[in-house]
Amino acid sequence: MHNTLKDKVAVVAGATRGTGRAIAVALGEAGATVYCTGRTTRGARSEMNRPETIEETAELVTRAGGRGVAQRVDHLESDQVRALAERIDREHGRLDILVNDIWGGDMFAKWDVPVWEHPLDDGLRLMRLAIDTHLITSHHLLPLMIRNPGGLLVEVTDGTAEYNAANYRLSVFYDLAKTSLNRLAFSMDHELRPHGCAAVTLTPGWIRSEAMLEHYGVTEDNWRDATAREPHFAISESPAFAGRAVAALAAADDRARWSGRTVSSVGLARAYGVTDVDGSVPDAWRYMEEVQSKGRPADTTGYR
């Protein structure tokens with residue numbers, strides 16, 4: 001992937017941690033300039049109150065071989081997103097890749113609580129973080145992208161279109177939020193395709209994010225120890241897997257063939273010869289359908 005995205009300009013909205021951070025780093029490894037946005041800086045934390053910062057992400061991008069630029073942006077605030085677009089316009093006059101990975105809604109979800117009992121303010125806050133942020137960001141940044149053909153919009157969700165269509169996602173609010181992003185690739189494709197640009201929705205599998213590793217009391221180095229507590233965690237993937245998949249897609253000449261679709265990290269990995277950091281190719285969504293949801297014992301044979 002070295003220098004396959006040299007001279008490309010990218011924004012990863014929601015790059016503070018997890019999948020967003022990994023995508024930013026992978027784009028940097030391919031040589032891109034990556035604007036890393038989010039709400040947590042070394043000077044102030046977001047409501048999530050986690051230690052990861054956008055400055056750290058930008059430094060990782062630069063260390064990987066690209067150019068990382070940190071800018072604090074609350075993507076619910078239109079003026080802040082507009083200022084980001086104006087800065088990129090001044091500094092580059094173009095945008096080649098936009099990744100909408102803004103989230104931060106987990107803390108507002110109450111699982112297996114019906115909508116009439118779910119705290120309404122929490123549910124609506126989740127929806128705004130999951131959907132409004134993506135629309136506000138695209139509104140301000142896509143005018144830069146459509147100046148040149150070949151641009152790529154990536155919406156990040158949780159769940160393939162097929163999985164989300166067939167499975168209740170434990171909360172009406174969460175279910176609607178994640179399913180809406182599946183649809184967004186379809187609708188954005190109709191608007192971007194005339195400009196020679198593509199739109200896809202990406203779903204990682206079971207991500208070993210910083211918060212998930214912390215939840216199980218493990219690190220990326222010893223993550224397999226968590227399978228003693230949750231055997232199905234054996235199918236999990238590092239955030240780098242999705243990051244590598246997005247970087248490969250962004251560099252591919254045939255990326256337009258994915259436009260309008262939801263694709264999993266494993267789907268892109270197989271298409272472009274990408275592996276996870278351990279050399280495996282975890283097929284999390286098929287595993288969850290065929291093994292975990294059917295109550296079968298954890299066994300990743302044929303799924304990694």
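User: Which residues of H1 and H8 meet, and what makes that a contact?

Analyst: Gladly! In this predicted model, Gly18, Thr19, Ala22, Ile23, Ala26 and Leu27 of H1 meet Pro239, Ala240, Ala242, Gly243, Arg244, Val246, Ala247 and Ala250 of H8. They count because contact means heavy atoms within 4.5 Å. By class, 10 are nonpolar, three polar and one charged; Gly counts as polar, Arg as charged, and Ala, Val, Leu, Ile and Pro as nonpolar.

User: Why is H1 called oblique to H8?

Analyst: Helix H1 (residues 18–29) and helix H8 (residues 239–251) pack at about 45°, with axes 7 Å apart. Under 35 degrees would be roughly parallel, over 145 roughly antiparallel and 65 to 115 roughly perpendicular; the rest is oblique. That makes H1 oblique to H8.

User: What makes a set of residues a nonpolar core, and how many residues has the largest?

Analyst: A core is a set of buried Ala, Val, Leu, Ile, Met, Phe, Trp, Tyr and Cys residues joined through side-chain atoms within 4.5 Å, where buried means under 20% relative accessible area (1.4 Å probe, protein chains only). The largest has 31 residues, with Val12, Ile23, Leu27, Val34, Val99 and Val154 having the most contacts inside it. H8 gives the most to this core, six residues.

User: Which residues does Val99 touch beyond its sequence neighbours?

Analyst: Leaving aside neighbours within four places, Val99 contacts Val11, Val12, Ala13, Ile23, Val154, Val156 and Val246.

User: How are residues numbered, and which pLDDT limits apply?

Analyst: Numbering starts from 1 along each chain as its sequence is written, and side-chain values use heavy atoms, without hydrogens or water. Local features need pLDDT of at least 70 and side-chain atom pairs 80 or more, while totals for chains, interfaces and linings use all residues.

Key: Axes are lines fitted to C-alpha atoms, for helices over the stretch in contact, and angles run from 0 to 180 degrees between N-to-C directions. Helices (H or I, at least four residues) and strands (E, at least two) are DSSP runs, numbered from the N terminus. Buried means under 20% relative accessible area, exposed over 50%, partly exposed in between (1.4 Å probe, protein chains only).
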